[in-house]
Amino acid sequence: MTAIDPQAVADADREARRAKLFTRINKADAWFQVLGLSWVTPILKAAAGDNPKAQGKEIWRLLGVPLLAIAAFLLLWGTLAPKVQTSLGAIPGPAQVWTEAVNLHEDAKVKAAKEQKFLDRVEARNQKFIENGQPEKVKNIAYTGSPSYYAQIWTSIKTVFFGFLIATVVAVPVGILAGLSPMANSAVNPIIQIFKPVSPLAWLPIVTMIVSATYTIDDGWFSKAFLTSAITVTLCSLWPTLINTALGVASIDKDLVSVSKVLKMNTWTKITKLVLPSALPLIFTGLRLSLGVGWMVLIAAEMLAQNPGLGKFVWDEFQNGSSSSLAKIMVAVFTIGIIGFMLDRVMYAIQSLFTFSSNR
């Protein structure tokens with residue numbers, strides 16, 4: 001009978017645990033890619049002892065080089081900015097922009113405290129009337145103070161998602177119809193070619209007049225400025241989704257179409273079981289492009305529609321013309337860029353849940 005080597009058993013157990021660890025790291029890598037944190041994977045692998053030299057090269061490529069590029073950008077910015085004089089003073093450097101970002105954060109906390117204090121007073125007032133048997137005097141009084149920077153960010157995010165949702169509801173069905181029917185494609189194509197290049201600045205006056213004429217409710221769910229911005233986003237952002245949906249549907253394998261005919265699928269079954277699963281990668285590519293376009297369009301729309309949001313914040317600071325205005329505008333620029341990146345990552349995360357596409 002062969003004796004069992006304890007060391008061999010221990011080594012085998014260690015290798016099994018190591019293999020499980022690498023399996024978990026590889027599974028987590030898919031989500032690191034989605035979140036834009038692909039550099040985490042080689043760090044974890046190096047820590048687990050997987051070829052540290054090779055993983056070190058990956059860490060340098062995925063993390064070291066981008067950080068070096070950012071450092072070079074900040075250095076160049078800090079060196080050149082003071083040399084450029086504008087009507088608002090010298091271009092602010094990284095330190096001034098960071099200072100204004102901190103100031104905006106502190107200002108947001110102060111405004112939040114003021115709003116909460118106001119709401120507490122209103123609640124106490126209403127409670128007093130209730131206790132005195134005068135419920136008819138209870139009122140919900142809206143806070144009318146100026147919105148904080150974070151409130152304006154949230155307004156912009158709500159606006160872009162509302163416009164993006166409308167664009168999706170319109171673009172996906174029309175794109176499916178255009179992809180399935182050559183006749184429908186011929187009808188839709190001229191409209192796409194004419195309206196796709198139109199600037200949001202051209203749409204905005206038309207949308208403003210239509211909303212003003214048709215949305216006459218003063219106490220409705222949405223303000224006119226909000227609807228104007230959201231509909232402008234819709235009109236400018238639906239085209240990438242429409243085009244990619246039509247392309248995805250039209251490029252479905254002809255053999256699959258033949259199978260659907262053999263199985264005598266009805267139209268609904270054909271769309272849900274065959275068309276959408278096959279076209280989903282391209283549809284999501286269109287959705288990501290549309291959301292990116294919508295986010296860019298929104299800032300211009302908010303500037304002109306004066307809808308409280310990042311666009312209006314930029315315009316108000318430009319009109320203000322104080323010594324800190326330019327730095328605040330640059331804070332908004334970085335905020336817009338970071339949120340745009342995060343929105344794309346959110347869409348890619350949703351895409352990863354429903355498709356096998358490796359598009360990034």
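Here is a walk through the pockets and the aromatic ring pairs of this structure. The model is predicted, so to speak of a local feature takes pLDDT of at least 70 and a side-chain atom pair counts only at pLDDT 80 or more, while totals for chains, interfaces and linings use all residues. Residues are numbered from 1 along each chain as its sequence is written, and side-chain values use heavy atoms, with hydrogens and water left out.

Let's start with the pockets. A pocket here is an open set of points on a 1 Å grid over the protein atoms alone, where a 1.4 Å probe fits, with protein on both sides within 12 Å along at least five of seven lines; lining residues have an atom within 4 Å of a point. Points are joined across faces, edges and corners, and the volume is the space filled by probe spheres set on them. The largest pocket comes out at about 530 Å³. It has 19 lining residues, and Trp98, Val331, Phe334, Thr335 and Ile338 are the closest to its centre. Helices H3 (52–80), H4 (94–131), H5 (149–180) and H12 (325–354) each give two or more residues to this lining, with H4 providing the largest share, 6 residues. Helices are DSSP runs (H or I, at least four residues), numbered from the N terminus. By class, the lining has 17 nonpolar, 2 polar and no charged residues. Nonpolar covers Ala, Val, Leu, Ile, Met, Phe, Trp, Tyr, Cys and Pro, charged covers Asp, Glu, Lys and Arg, and the others, Gly among them, are polar.

The second largest pocket has a volume of about 230 Å³. Its lining includes Trp154, Lys158 and Phe226, and H5 gives the largest share, 4 residues. This lining splits into 6 nonpolar, 3 polar and 1 charged residues.

Now for the rings. Rings of Phe, Tyr and Trp (its six-membered ring) pair if their centres lie within 6.5 Å; planes under 30 degrees apart are stacked, over 60 edge-to-face, and the rest tilted. That rule gives 7 aromatic pairs. In one of them, Phe73 and Trp77 have ring centres 5.8 Å apart and planes at 40 degrees, so the pair is tilted. Ring pairs also link Phe73, Trp77 and Phe334 into a cluster. Buried means under 20% relative accessible area, exposed over 50%, and partly exposed in between (1.4 Å probe, protein chains only). Phe73 is partly exposed at 45%, whereas Trp77 is buried at 11%.

Phe162 and Phe226 make another tilted pair, because their centres are 5.5 Å apart and their planes at 50 degrees. This pair links distant parts of the chain, with Phe162 in H5 and Phe226 in H8, 64 residues apart.
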